[in-house]
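The stops below can be selected in the order given.

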Amino acid sequence: MRSAIVAVIAALPLTLTVPSTAAAATASTAAAAPNISLANVKAHLAQLQSIANANGGTRAHGRPGYLASANYVRSQLDAVGFTTTLQSFTYNGATGYNVIADWPGGDPNDILMIGAHLDSVTAGPGINDNGSGSAANLETALEVARQSLQPVKHLRFAWWGAEELGLRGSQFYVSNLPAAERARVKGYLNFDMVGSPNAGYFVYDGDNSDGTGSGPGPAGSAALERTLQDYFTSIGVPTRGTDFDGRSDYGPFIAVGIPAGGTFTGAEGIKSAAQATLWGGTSGQAFDVCYHRACDTTANINDTALDRNADAIAYTTWTIATAAQPVVVWQDTFETATGWTTNPSAADTATTGTWERGDPAATTSTG
């Protein structure tokens with residue numbers, strides 16, 4: 001048995017890590033996530049509704065209502081210290097825009113992105129789809145500034161254009177990121193429709209525990225899912241998984257191996273009796289009866305769902321972005337000598353046995 005044990009030990013690397021002092025200090029002072037103001041989120045929704053009202057009832061790609069929406073978001077962020085970019089692209093002969101906003105500080109090689117699409121369909125103002133995610137993300141970003149957050153990770157927020165036409169804005173962004181820049185994005189959180197009037201509480205199934213649809217997200221997606229689930233568990237709200245089916249802006253990110261997560265309160269799908277028992281609301285009715293319709297106005301919002309999801313966004317952002325990063329203080333692969341000293345202080349008390357470097361080899365066992 002001894003030879004087999006030595007072989008197994010020799011085949012496994014051993015690493016000892018501790019949180020860095022600086023990172024731990026940052027986490028300890030900023031890990032407590034804020035309560036996002038529902039009133040503030042709804043004030044952003046009112047602004048988006050006013051923009052649509054002034055521009056033919058829509059905020060769709062290529063329409064003046066969309067650019068006005070992008071300028072509103074950007075102006076809010078510029079005023080509190082974000083570095084913003086209005087990234088333009090062309091689709092269907094019209095110019096679209098992504099708003100990209102970076103918060104200063106954090107590890108530039110370890111970026112957490114939080115995104116939502118800002119455009120509506122041409123038929124309506126798009127207040128739940130997706131003013132809700134856009135407004136909740138915006139208020140979270142503004143709270144980052146109010147608290148002068150100093151995250152361990154670098155925080156980048158994004159509002160995408162032309163999602164309704166096939167994820168055009170987010171696809172343009174990801175496709176035009178140089179490979180080195182893309183590698184620095186370690187996670188992407190997507191929030192699309194988080195205030196549906198007949199709401200469900202869905203979290204993207206990062207680990208494919210449901211065993212349906214497209215399979216798990218890239219490595220790291222399961223951890224994003226768990227963090228979101230942890231928040232809803234803490235407030236006593238059960239969640240269910242939703243598949244990475246490619247319908248929203250996480251799609252281009254997971255396609256290049258970037259882990260993703262997010263929440264969703266439902267669109268045109270019908271709430272089942274079991275779901276109505278779980279969450280309340282009306283069974284046999286769509287989660288959002290005004291999905292892609294003119295009636296998707298500020299009257300088409302479930303305040304409770306919007307409030308819970310906005311707080312979930314903040315919780316996940318604070319938890320992930322302020323987590324202390326481990327620092328390697330010692331490691332050994334057991335393959336080559338790395339400076340071991342036997343009994344360096346002459347204080348070992350063992351009476352038998354000795355450390356021995358084994359030769360890694362396959363082993364077998366018949367029980």
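Strands here are DSSP runs of E with at least two residues, and they are numbered from the N terminus. By that rule Asn190 is found in strand β6, residues 185-191. Keep in mind throughout that this is a predicted model.

**Stop 1: Asn190**

Select Asn190 and show its side chain. Is Asn190 buried or exposed? Buried means under 20% relative accessible area. Asn190 has 0% relative accessibility, so it counts as buried.

**Stop 2**

How many aromatic pairs does a search of the whole structure find? The search finds 19.

Take Phe202 and Phe264. Their ring centres are 6.2 Å apart and their planes stand at 40°, so this pair is tilted. Phe202 belongs to strand β7 (residues 202-204) and Phe264 to strand β9 (residues 260-264), so the pair ties together parts that are 62 residues apart in sequence. Both Phe202 and Phe264 are buried.

Now select Tyr204 and Phe244. Here the ring centres are 5.5 Å apart with the planes at 10°, so the pair is stacked. Tyr204 lies in strand β7, while Phe244 sits in the loop between β8 (240-242) and α9 (251-255), so parts 40 residues apart in sequence are tied together. Tyr204 and Phe244 are buried as well.

To see a cluster linked by ring pairs, select Tyr201, Phe202, Tyr231, Phe232, Phe264, Trp279, Phe287 and Tyr315.

**Stop 3: helix α6**

Move to residues 168-175, which form helix α6, and colour the buried residues Gly169, Ser170, Tyr173 and Val174. Why do they fall on the same side of α6? They cover an arc of only 125° around the axis, which puts them on the same side of the helix. To see what these buried residues pack against, show β2 (83-91), β3 (94-102), β4 (107-117), β5 (153-160), α7 (179-184) and α9.

**Stop 4: helix α5**

Select residues 127-146, helix α5. This helix is mostly covered, with 19 of its 20 residues buried. Just after α5, look at the backbone of Ser148, where phi is positive, at about 50°.

**Stop 5: the whole chain**

Zoom out. The secondary structure of the chain comes to eleven helices and ten strands. Of its 367 residues, 48% are buried. Among contacts with a separation of 6 or more, 77% join residues 24 or more positions apart. The accessible surface is about 16,300 Å², and carbon and sulfur atoms account for 53% of that area.

**Stop 6: confidence**

Finally, colour by pLDDT. The chain averages 89, and 83% of the residues score at least 70. Where is confidence lowest, and where is it highest? Confidence is lowest in helix α2 (residues 21-30), with a mean of 36, and highest in β5, at 99. Over residues 1-12 pLDDT stays under 50, and the model has 13 contacts beyond four places in sequence for them. Residues 18-30 also stay under 50, with 23 such contacts.

Terms used: Residues are numbered from 1 along each chain as its sequence is written. This is a predicted model: local features need pLDDT of at least 70, side-chain atom pairs count only at pLDDT 80 or more; totals for chains, interfaces and linings use all residues. Side-chain values use heavy atoms; hydrogens and water are left out. Rings of Phe, Tyr and Trp (its six-membered ring) pair if their centres lie within 6.5 Å; planes under 30 degrees apart count as stacked, over 60 as edge-to-face and the rest as tilted. Helices (H or I, at least four residues) and strands (E, at least two) are DSSP runs, numbered from the N terminus. Buried means under 20% relative accessible area, exposed over 50%, partly exposed in between (1.4 Å probe, protein chains only). The arc is that of the directions from the helix axis to the C-beta atoms. Contact means heavy atoms within 4.5 Å. Accessible areas come from the Shrake-Rupley method with a 1.4 Å probe; for residues, only the protein chains shown count as cover. pLDDT is the predictor's confidence in each residue, from 0 to 100.
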